[in-house]
Protein chains: 2
Amino acid sequence: MCYKSGMPSGRAPTLEDVARVAGVSRATVSRVINGIRNVDPQLHDVVWDAVGRTGYVPNRLARSLVTRRTGTVALVVSDSESHDDDPFMSRFFADPYFGRVVGGLMSVLRASGVQLALQIVGTEDGRKRLIGDLRNGQADGAVVLSLPAVDPLPRMLTDDGIPAVLIGRPAEPVPINYVDLANETGATLAAEHLLARGCRQIGMISGPAEVPASSDRISGFRRSMAKHGHAWVPTVTGNFTQESGEAAMRTLLASNPELDGLFVANDLMALGALLALRDAGRRVPQDVAMVGFDDSSAAVAARPALTTVRQPLEDMAAEAARLLLAHIDDPSGRVSSVIYEPKLVVRQSA
Amino acid sequence: MCYKSGMPSGRAPTLEDVARVAGVSRATVSRVINGIRNVDPQLHDVVWDAVGRTGYVPNRLARSLVTRRTGTVALVVSDSESHDDDPFMSRFFADPYFGRVVGGLMSVLRASGVQLALQIVGTEDGRKRLIGDLRNGQADGAVVLSLPAVDPLPRMLTDDGIPAVLIGRPAEPVPINYVDLANETGATLAAEHLLARGCRQIGMISGPAEVPASSDRISGFRRSMAKHGHAWVPTVTGNFTQESGEAAMRTLLASNPELDGLFVANDLMALGALLALRDAGRRVPQDVAMVGFDDSSAAVAARPALTTVRQPLEDMAAEAARLLLAHIDDPSGRVSSVIYEPKLVVRQSA
DNA sequence: ACGAACTCGGAGAGCGCTTTCCGAAGTGTT
DNA sequence: AACACTTCGGAAAGCGCTCTCCGAGTTCGT
């Protein structure tokens with residue numbers, strides 16, 4: 001109970017307290033702390049000294065209330081109306097995708113002293129509340145994780161003039177900032193690699209057609225295959241989880257026993273496919289060559305290690321953070337989107 | 001530009017606006033919105049109607065400023081003074097551990113309408129600011145992710161009376177809420193399984209000795225081994241990443257070529273060990289039996305699938321959230337800790 | 001019919017901070 | 001020495017909300 005410099009008991013010290021200790025007014029302390037205008041250097045020191053002695057820490061809430069700046073951005077994750085006991089969310093968070101994005105965002109935000117607040121929005125009502133909170137200055141802006149299917153959120157955000165950046169392009173064209181990967185190009189890379197390897201019977205395990213990233217990969221792959229004379233690509237749809245990949249592989253194998261090449265729309269499903277292939281007694285890459293997508297940690301961990309299309313998610317997320325910060329600083333700035341070029345990372349599976 | 005019900009342009013509507021539309025005072029609107037005291041049912045409806053028409057959403061900041069409740073909890077991740085370009089954080093976020101915890105926390109917090117704000121704290125200064133922010137009511141409480149090594153943070157939190165829950169016990173005894181796994185028991189499970197399988201030369205790949213969870217696993221494993229006559233367990237230390245597991249395995253194999261059993265302190269390192277073993281031409285489990293720890297998604301994905309000690313992280317995180325919420329509601333409540341019992345999940349690797 | 005007891009809504013004082021507006025000094029010019 | 005300028009600190013008005021008072025209106029007991 002011996003009160004040290006920080007007088008840890010009782011309420012946190014306020015500007016008023018510091019002002020009293022320093023023998024000046026609240027306004028002056030505020031100026032010193034925010035480095036505004038030229039305050040007499042002598043007073044300046046007196047104030048900082050008082051700050052130190054009282055252990056004063058500015059109250060962000062109060063500050064935000066008047067400045068209308070919170071130093072926080074929201075990370076919006078859309079929970080597509082999952083049923084209550086559907087573990088969709090856990091699955092999503094456990095997916096390397098989420099972690100990589102958070103890591104990328106933080107690498108930039110942290111340097112700017114900006115915080116990240118996780119927001120899950122599912123229902124129509126949730127969206128309304130989110131927008132309301134953002135308009136009220138609950139956060140300065142939002143990073144929206146790639147939305148499944150068509151979602152009114154992007155439009156709502158732009159309509160209300162809320163600084164926002166999407167990771168993954170919106171399903172419908174909306175004038176909003178976003179970063180994305182050239183998914184079609186990525187799929188093309190995969191197709192050409194498989195073809196160059198001499199595969200003749202090539203199949204695909206795709207993601208849900210409603211998500212743009214997924215449909216781009218599908219169309220990109222189909223297009224390059226068609227260009228090389230493969231008008232028809234047997235395809236089974238998964239949902240980006242390992243289990244769905246395994247199941248899809250079985251289905252595909254049942255209808256196309258001759259398969260010798262495979263493009264899988266993400267590494268997690270590729271992992272599942274690998275298992276199904278092994279169970280079926282097919283060797284990878286000797287019997288079936290396989291190209292994944294993402295270059296997540298799973299790709300390196302897999303045996304055989306996955307040849308995969310690299311998506312620099314961390315960089316993309318970091319760029320999204322930068323874009324958002326810029327847009328917050330200058331809301332009138334032009335809407336911009338940056339598209340990353342994928343790269344094929346050749347390992348063992350193809 | 002046709003202004004719909006929400007009048008999306010201009011500033012967000014305030015209580016004052018609603019009051020004007022409803023023809024009552026601010027106070028009454030506030031009462032209606034918060035359901036306080038009995039307001040005349042007729043007025044009640046009038047007010048809600050006005051709320052609907054104006055599209056009013058309460059300003060959390062302003063509300064928090066006076067109520068001293070934010071409806072937000074901080075998720076504190078300690079960045080042990082990593083060097084600037086050390087990708088430690090990215091690694092950490094990409095680890096399934098992070099995602100599982102976030103998922104578990106959100107499952108509970110979401111239902112209570114509580115938000116999660118990510119906080120990374122590294123330096124001494126960062127800790128001070130964190131505490132300051134918390135005392136100021138930046139968040140109602142904190143969930144602290146298992147800290148590497150001895151950290152003053154838990155003590156600082158309790159000293160300042162900030163509701164907090166640790167995930168993973170503190171390195172030094174501190175009267176603070178925490179949830180943890182009976183790590184020693186888990187290691188014992190692994191040891192006994194390996195022994196029962198008939199392994200004679202058993203080694204261990206451990207995590208960093210400074211983190212409590214890690215040291216508990218080490219001591220638990222050593223103890224049971226000793227009890228069964230194995231006084232000496234060859235051990236190599238890793239840092240919980242797959243790469244470190246692979247390297248550790250090589251080292252271990254070099255000094256103990258006779259090895260036929262192995263306990264690895266987490267699944268990610270086990271994955272790495274699996275690779276090193278394969279490269280060395282050892283079959284798992286025939287030549288070397290291996291038990292991992294965590295039962296993360298990696299365990300199922302591995303081939304052979306990992307026999308591992310299950311740590312119900314999602315449940316633990318959910319419980320942490322509940323504990324925190326309870327502690328926030330009643331700060332005088334007793335400090336409590338709940339320890340989860342691990343379970344051995346037998347798959348293929350042992 | 002009169003006061004006590006109760007119900008309900010408004011006025012207003014803050015929560016901790018920023019920021020405009022002013023007046024009091026200080027500086028330099030003619 | 002009188003003027004215009006500039007510099008600097010304080011007073012005070014909010015930011016949007018909650019919540020304690022308090023007064024007015026209603027109901028009921030006697």
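Guide: Around DNA strand C there are 27 residues, and A:Thr14, A:Leu15, A:Ala27, A:Ala62 and B:Asp40 are the closest of them; a residue counts as near a strand if its C-beta atom, placed from the backbone, lies within 6 Å of it. Helices here are DSSP runs of H or I with at least four residues, strands are E runs of at least two, and both are numbered from the N terminus. α2(A) makes the largest contribution near DNA strand C, with six residues. Sorted by class, that surface holds 13 nonpolar, eight polar and six charged residues, where Ala, Val, Leu, Ile, Met, Phe, Trp, Tyr, Cys and Pro are nonpolar, Asp, Glu, Lys and Arg are charged, and the others, Gly among them, are polar.

Now for DNA strand D. It has 26 residues around it, with A:Asn38, A:Asp40, B:Thr14, B:Leu15 and B:Ala27 coming nearest. At least two residues each come from α2 (26–34) and α4 (60–67) of chain A and from α2 (26–34) and α4 (60–67) of chain B. The class tally near DNA strand D is 13 nonpolar, eight polar and five charged residues.

A word on reading all this: the model is predicted, so local features need pLDDT of at least 70 and side-chain atom pairs pLDDT 80 or more, while totals for chains, interfaces and linings use all residues. Residues are numbered from 1 along each chain as its sequence is written, with chains lettered from A and ligands numbered from 1 in the order in which they are written.
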